[in-house]
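Student: I would like to learn how to read pockets and salt bridges in a model. Please take me through one case.

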Amino acid sequence: MTDLTLPADLPLLALRSTIVFPGGRIAVQVASAENLALLAAHPEEGATVLCILDPEERDGVPLRAEGRVGVIAQLTDRGRREGGLVQVTLVGRTRARAVSAARDSVAGYAFARVEAADEDVRDAASAKLLMHRVMLAAESRVELDTTFPAELPALLKREIAKPARFADLAAARGALRPAEKDEVVQRLDVVARLEFIAERFEREAAKAKVHEELRHETERRIDKHHREFFLRQQLQAIKSELGEAEHGEGETVELLRRVEEGALPEHVASEARREIERLRALSPASSEHQVLRNYLEWVLALPWKKASGDDRITLEKVEAALDGRHYGLHEAKERILEYLAVRQLRGDRGSDPHGPILCFVGPPGTGKTSLGEAIAASIGRGFYRISVGGVRDEAEIRGHRRTYVGSLPGLLLQAMRRVQTNNPVLMIDEIDKMSSGGNGGDPTAAMLEVLDPGQNHAFTDHYLNLPFDLSSVLFICTANNLFDIPPALRDRLEVIRIAGYTVEEKVEIAWRYLMPRLLDEHGITDLDLQFTDESLALIANRYAREAGLRSFERQLAALMRKRAKRKAEGETGAWIVDQARIEDVLGPPRWAPEEAEQEPEIGTVTGLAWTSNGGELMTIEALLMPGKGKLTVTGQLGDVMRESVDAASSYVRSRAKALRVADPEMKESDLHVHFPAGSVPKDGPSAGVAVTLAIASVMSRRPVRRDVAVTGEVTLRGKVLEIGGVKEKVLAAYRAGLRTVVLPAANAKDLRDLPDEVRSAVTFKTVSTMDEVIEAMLLPMRPNGFAEDLPLFDEVSKDIA
């Protein structure tokens, strides 16, 4: 404690990366505008300030200055540095507590009202013991850490009679972080202060000891390696003088034998022999010896000429095997049968035909990956799945060059080594989720050679540096979104779309495939749990209304787990799965029941959207209010969709007379178009018809049919253009209970891809212009202001074979 008279108010100096302690002296460089203003206002030597640690740059008073303990210091030895910096020396005097703080806007810096902060040594014996701990830890750190100040133990011994000064000196010189130093300043209880410092010193001493032990162990291993290397060199020289066989001769003889018996291609065998001769000349202790040995093992382990498959497999057996494991998916099955038919007709003429490069595109859970496994099993081929989702480095496809430590071949050759055949079925899963390039190269560019039938007969991996024939491999890729695949890569793929399943298809799949497997997995039988078509349809429609089967399977498994638990507890008898039982186990339905008709509304339209998870319904809402002709669009839309809204608004305004909308009304009204589910990004032009219909409805005050789903792109002239994803969108409408869909006339051809039960249950209206849509969808107003119930369409669409 010092005899310094404590003033009531003091300027507040915020220190960024250090703190001065009572009795200490530090030099700091001042750069902030507030601190520079303080120094300019107090140019006198020995000016007194309150120092508080504040690591963040900000104008005004440091955060939480009130109630914090700082150090009163005097300013000495000022000097200017380059860049507008001012260097000043702070001489610490005593601790003080900031009662309040405020910034003087005229002076440009802060003042603090202070009070004395009394320090207390409540237990002299504990303080003495803690100072002894700090001394021991400091001496240990001096021995182990060259960066720790060697003079600190001697300085601390001088202050052994002053515990407060001892603690401050240890904190100031003991290589603590700024936040830890500030913690020491805040502790007025000297024993607590010493305890905090002792813990920090002992922790750092323990870390330094571990680092020192690791350093000694590393040096010991290096010395042992050098000693072994020189001894091996001497041994090799002695054996050479005696004319004895060189070390490792047996190893090279064994490798040469494997080359001769391995039936390698001639260019591969020649390269292997050359590398074996290099290996013979290398010492086993050299690092290159192990690298070369690993390389030769990879060359000998690859299936250069070993094929698999049963040539006696008939097309009928393959077709039966595929149908036995998957329901539907006719296009994918047909393509595999075509490939096998070509192979069968070629007979023994040359090698196998180039395997097709198929790409199954569809929502999650639709059976893309399991179909690949079924194809491999049905044709007697090896199967391996390569997941490339998240691959960012070209080397993961092409391999690393042998010059890198720990290098390996890429994923393709690793797969070929594991399946041990040169004509397996390789599934490249999630190809749409590969990175499009970065510091490690572009992996999608590396896939161009792999998936090109004209190039993959000589695929060269960076590690192997030898051409490997991939032309007999049957590649099957999977993707959720085709447009996430780069165009050059997409051009090499034979795309087969797999849309979502209808409720009827899910029920059939459950009976054929899911139920037998799940019953077996849960240890129960169909006598314990009895389903009906109606109960399965209820689960599919109201608990798992997604495009795929994963959620549907999870709901069935939940019912079976509950039954298995009750059976294990001793309950007998069969469970009849009805609506009450389903709701008791699975809870309330997640989806509302299907509604054949919905009440027409003004400004609300049911649109259709395509996502990577399948088709979805999308409600578009429009609202008219008094204003100045402003158009507002909300719902996290992309640029393309915003432009569709602008085009729709312009088209409706151009048709105002036909819609019986007065021009003054348009100028004096604001229009708000909203796409619900605002947290989900949306983009694309296919909502143009729905948006135009919503705006036309709200401006003409005519209700829109809600039991109809619409989709299509609209031009400024009112032409309805073709869109994509028709199958997924129609299936989404069908799952939601809508039985009428409006489509662009150009998409009539896409209706052939729909399942028969959907085509027979849904009525399609194909339109070419927006006038047809408005005429069919907008209901006229009755004299009493209500919509008049009219037939939806004058004509029903033709059945498309």
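**Pocket and salt bridges**

Tutor: The largest pocket has a volume of about 1400 Å³. This is a predicted model, in which local features need pLDDT of at least 70 and side-chain atom pairs count only at pLDDT 80 or more, while totals for chains, interfaces and linings use all residues. Residues are numbered from 1 along each chain as its sequence is written, and side-chain values use heavy atoms, with hydrogens and water left out.

Student: What is a pocket, and how is its volume defined?

Tutor: Rolling a probe the size of a water molecule over the atoms shows where empty space is left. On a 1 Å grid over the protein atoms alone, a pocket is an open set of points where a 1.4 Å probe fits, with protein on both sides within 12 Å along at least five of seven lines; lining residues have an atom within 4 Å of a point. Points are joined across faces, edges and corners, and the volume is the space filled by probe spheres set on them.

Student: Which residues lie nearest the centre of the largest pocket?

Tutor: Trp 610, Gly 725, Val 726, Lys 727 and Glu 728 do, out of 50 lining residues. Two or more lining residues come from each of helix H11 (330-346), strands S13 (494-497), S16 (604-611) and S17 (614-626), and helix H24 (726-735). H24 gives the largest share, five residues. Helices (H or I, at least four residues) and strands (E, at least two) are DSSP runs numbered from the N terminus.

Student: How many salt bridges does a search of the whole structure find?

Tutor: The search finds 49. A salt bridge is a side-chain nitrogen of Lys or Arg within 4 Å of a carboxyl oxygen of Asp or Glu. In helix H8 (residues 266-281), Glu 271 and Arg 274 are three residues apart, about one turn of the helix, and their side chains meet at 2.9 Å, N to O.

Student: Which residues do salt bridges with shared partners join into one network?

Tutor: They are Arg 177, Glu 180, Glu 199, Arg 200, Arg 203, Glu 204 and Lys 207. Within this network, Glu 204 and Arg 203 meet at 3.9 Å, N to O. Glu 204 is partly exposed at 22% relative accessibility, as is Arg 203 at 34%.

Note on methods
Buried means under 20% relative accessible area, exposed over 50%, partly exposed in between (1.4 Å probe, protein chains only).
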